[in-house]
Amino acid sequence: MHAATHLLATDLDGTLVGDQNSLQTLLNFYNNQPYNVSLIYITGRHYQSALSLINEENLPVPDVLITDVGTAIYIGESLAQDLVWSQRLKQSWMPEKIDAIACQIPNLVSQELPVTNRCSYYATDITVVEAFRAALDQAGISYKLIYSGGRDVDILPAGSGKGQALQYILNMYQLDDAKLLVAGDSGNDAEMLTMGFPSVIVGNAQPELLEQQRHPSIYRATESYAGGIHEAWRYFYTD
C-alpha cells in the first residue's frame with residue numbers, strides 16, 4: 001500500500017456489488033491497465049458478513065477492509081485488525097449506556113449484531129431518530145449518528161465513520177499523491193464522498209445521497225453499481 005499509485009475506496013452493497021456483469025467489466029478494465037489499482041472496501045457490514053460477501057461475489061481480496069461503518073479496520077493479506085484504531089475509538093465509547101437509552105425510545109428497534117464497536121437500530125420515522133439524538137445529547141454521551149436508507153440508525157464512536165477511517169489509512173500509508181476514487185450509494189457513504197477526493201455517487205444511489213450538494217469533486221454517474229464506478233474512473237483518470 002505504501003507504493004500504491006491508484007486506489008479505489010468503495011462501499012460494497014449497492015455500489016461495487018449489485019450487478020455481476022458490470023462488476024466483471026470493471027474488474028477486467030482494472031486488470032488491463034498498466035497500473036495496479038489497490039482496493040479499500042468500506043462497508044456497513046461486520047467483519048464475518050463482509051468476508052461472506054467477498055466470497056459469494058468472488059471479489060478480489062482488498063488491501064484494506066473497513067467494516068461496521070468505519071469502526072473497524074483490517075489490513076494486509078491476512079486482513080489483521082488494526083488495534084491502534086480500535087483502541088483509539090474505545091476511549092470514550094459507551095455502548096451499554098447507548099443501548100439503555102435506545103430502549104426508552106418508542107419505535108426504535110435494535111439490530112442484533114455480533115459486535116460492540118457500534119450500536120445499530122431500525123427506525124422508519126425521522127422523528128424517532130431525532131428523539132434518540134436528543135436523548136443521547138441530554139445524557140452527555142459522545143457519539144456520531146448516521147441515518148441511512150430511510151431505516152438504518154448507526155451510533156458510532158466519536159471520531160469514527162467511513163470518512164475518518166479512510167483518512168486514517170491514507171495518512172498511515174502516506175497516500176496523498178495516489179489517484180483515488182471514492183464510491184458510494186447511501187447516506188452512510190456521505191462523509192467519505194464529501195471529503196474533497198474524486199468521488200462518485202452511483203446511478204442507483206439512495207435519495208438521501210442524491211440530495212447532497214453538487215461539487216466538482218463528486219461525479220454523479222448515470223450507470224448503476226460497478227458500472228457507475230467504471231464510468232467515474234474514466235471521467236477522472238483517462239491515463
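How much space lies in the largest pocket? About 490 Å³ lies there in this predicted model, for which local features need pLDDT of at least 70, side-chain atom pairs count only at pLDDT 80 or more, and totals for chains, interfaces and linings use all residues. Residues are numbered from 1 along each chain as its sequence is written, and side-chain values use heavy atoms, without hydrogens and water.

**View 1. Lining of the largest pocket.** The lining comprises 22 residues, with Asp13, Gly44, Ser148, Asp152 and Asn188 nearest the pocket centre. By class, three are nonpolar, ten polar and nine charged. A pocket is an open set of points on a 1 Å grid where a 1.4 Å probe fits, with protein on both sides within 12 Å along at least five of seven lines; lining residues have an atom within 4 Å of a point.

**View 2. Packing of helices H1 and H9.** The axes of H1 (residues 20–31) and H9 (residues 225–236) come within 7 Å and cross at roughly 35°, in a left-handed sense (near helix turned anticlockwise from the far one by less than a right angle). Axes are lines fitted to C-alpha atoms, with angles from 0 to 180 degrees between N-to-C directions. Among the H1 residues that meet H9 are Leu23, Leu26 and Phe29; contact means heavy atoms within 4.5 Å.

**View 3. The four-stranded sheet.** The open sheet has the order E6-E7-E9-E8 with antiparallel pairing, where helices have at least four residues and strands at least two in DSSP runs. Strands E6 (109–110) and E8 (144–148) form the edges. Two bridges join E6 and E7 (residues 119–122); strands pair at two bridges or more, by DSSP. Ser110 has Tyr121 in E7 as its bridge partner.

Notes: Grid points are joined across faces, edges and corners, and a volume is the space filled by probe spheres set on the points. Ala, Val, Leu, Ile, Met, Phe, Trp, Tyr, Cys and Pro count as nonpolar, Asp, Glu, Lys and Arg as charged, and the others, Gly among them, as polar.
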